[in-house]
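Dear colleague,

Please find below the sequence and structure that I am handing over to you. My notes on what was found follow directly after them.

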Amino acid sequence: MRGFLASSVGVTCAAALALPLTLPATPAKAGPSTLTSEAAAPGSTQSLPLVPLSRKRSLGPAAPTQGLTRRNVRPFSLVGVVWDDPGSELNGRVQVRTRAVGTGDWSDWQDVEAHNDEHAADPDTAESASSRVHGSTAPLWVGNSDGVEVRVEAERAAWDAGEAPEPEDDAGGGPEDGREAAPAAASLPGGLRLELVDPGGDPPSRDARTAGRAGGAPSGLRARSAHPGVTGGGGAKATVIPALSREETARTYFSDGTAQRRTTPYIGPRPRIITRHGWGANENLRERGFLYTKTVKAAFVHHTASGNKYSCSQVPSIIRSIYRYHVVSSGWRDIGYNFLVDKCGNIYEGRAGGVAKAVMGAHTRGFNTNSMGIAVIGTFGATKPTDSALKAVSRLTAWKLGLYGANPRGKTYLKSAGGNLYRKGKNVRLNVISGHRDGFATECPGRLLYGKLGSARTTAARYQGR
């Protein structure tokens, strides 16, 4: 079982909402992993190996294809495809269709985003080097389902140079004329498996007034020990971190406890944040240790590419599913994003370690150090993000970047840890609020969300009082 770099602070889940005075300046050494068996956790993951599919001779040569024909399965709500080697890319098209529980209706074929390696831990880190890590597609939310069919077809360019396989049955039927379908292993990654994720039941509802203390102060900042609306009876089991006004936020995070600062810091009001306990995170799934970086100089905005067919009441289930997919299926130490935002403008705590701390995520391969990742739940290549989601991104970045003195309309430098745009060690000048595609060649966060980032920068700066 893998071990990950852990903070010498030694904080546990119970302290995730605490406000310590300082953070370690550098990551501590790795400690032993305490990951609990997946089988002991609420929810479940079904992992089904894909097999070669066949195609009718009359349809002509086809690219290598693997998949599963229609089958009954235990209920699930999110799907993805994984494979053995995280260094291999799935150059092809992944499609699924599912059967809804209750109605028995089958969906149309839906595309699954095949390229997901840009959402990952930085190269040469303990998290990325773990033997548990797999290659994986983006997850797709399909709702409560009990039937599935999947096909994964290699891109023609990936296999044209070799000998064309025997024709296959596009409908997913058996081999024609008694001949076996051509193996797809030469053009598709080895060990392809369909992952079907059941998020488990929703946590018991709790009164939002039982909110706990905000999650950890940045290095060098001090928090008042008893500020109205910050401390409460919920403690570590609080479901919500309450919103604060800009004045309350400044007093909470920048007061030395005896005298008011002479100058007002540029910081936005703290937004309401739904905690990991609030969305029902099973803390036994993730790695126990936390990893921090020195500061937060930039925010990368993402989309989850999980589709837009969801209601906001389903979001806790969606996040639990993504969390399980990242940890159990992809082999990461925790959910990759630091925060998630839904279409209704709700903000959710992502990777554990304290919402105000500089928690090391796995969201922008090559640029996870000294940054944070915000994922807007949905797919925004052809769908516009809601105004509520954009406002939430602006409020969140105004607050979190303000804790570390960053101007949302400014530029900053981050050192690349290696990727497909910038070599390892290169200092890259980026917007303080950047899209994922600014640090890695990817479509994320989708054309229509990326086009709104200029507005988000302006709004966030206004929230900071700039």
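In this predicted model, Lys 391, Ser 394, Arg 395, Thr 397 and Ala 398 of helix H5 meet Ala 456, Thr 459, Ala 460 and Tyr 463 of helix H7, where contact means heavy atoms within 4.5 Å. By class, the residues of this contact divide into 4 nonpolar, 3 polar and 2 charged; Ala, Val, Leu, Ile, Met, Phe, Trp, Tyr, Cys and Pro count as nonpolar, Asp, Glu, Lys and Arg as charged, and the others, Gly among them, as polar. Helices (H or I, at least four residues) and strands (E, at least two) are DSSP runs, numbered from the N terminus.

H5 packs against H7 (residues 453-463) at an angle of about 50°, and their axes are 8 Å apart. H5 is therefore oblique to H7. Axes are lines fitted to C-alpha atoms, for helices over the stretch in contact, and angles run from 0 to 180 degrees between N-to-C directions. Angles under 35 degrees count as roughly parallel, over 145 as roughly antiparallel, 65 to 115 as roughly perpendicular and the rest as oblique.

Helix H2 (residues 246-254) and H5 (residues 387-403) pack at about 30°, with axes 11 Å apart, so H2 is roughly parallel to H5. Thr 249, Tyr 253 and Phe 254 of H2 make the contact with Trp 399, Gly 402 and Leu 403 of H5. This contact has 4 nonpolar, 2 polar and no charged residues.

The largest pocket holds about 690 Å³ of space. On a 1 Å grid over the protein atoms alone, a pocket is an open set of points where a 1.4 Å probe fits, with protein on both sides within 12 Å along at least five of seven lines; lining residues have an atom within 4 Å of a point. The volume is the space filled by probe spheres set on the points, which are joined across faces, edges and corners. The lining has 37 residues, and Asp 111, Val 112, Glu 113, Ala 305 and Thr 379 lie nearest the centre of the pocket. Strand S9 gives the largest share, 4 residues. By class, the lining has 10 nonpolar, 17 polar and 10 charged residues.

Two backbone features remain. The peptide bond from Cys 444 to Pro 445 is cis, with omega near 10°, and Pro 445 is in the loop between strand S19 (433-435) and helix H6 (447-450). Asp 124 is not a glycine, yet has a positive phi of about 65°.

Residues are numbered from 1 along each chain as its sequence is written. Local features need pLDDT of at least 70, side-chain atom pairs count only at pLDDT 80 or more, totals for chains, interfaces and linings use all residues, and side-chain values use heavy atoms, leaving out hydrogens and water.

With kind regards
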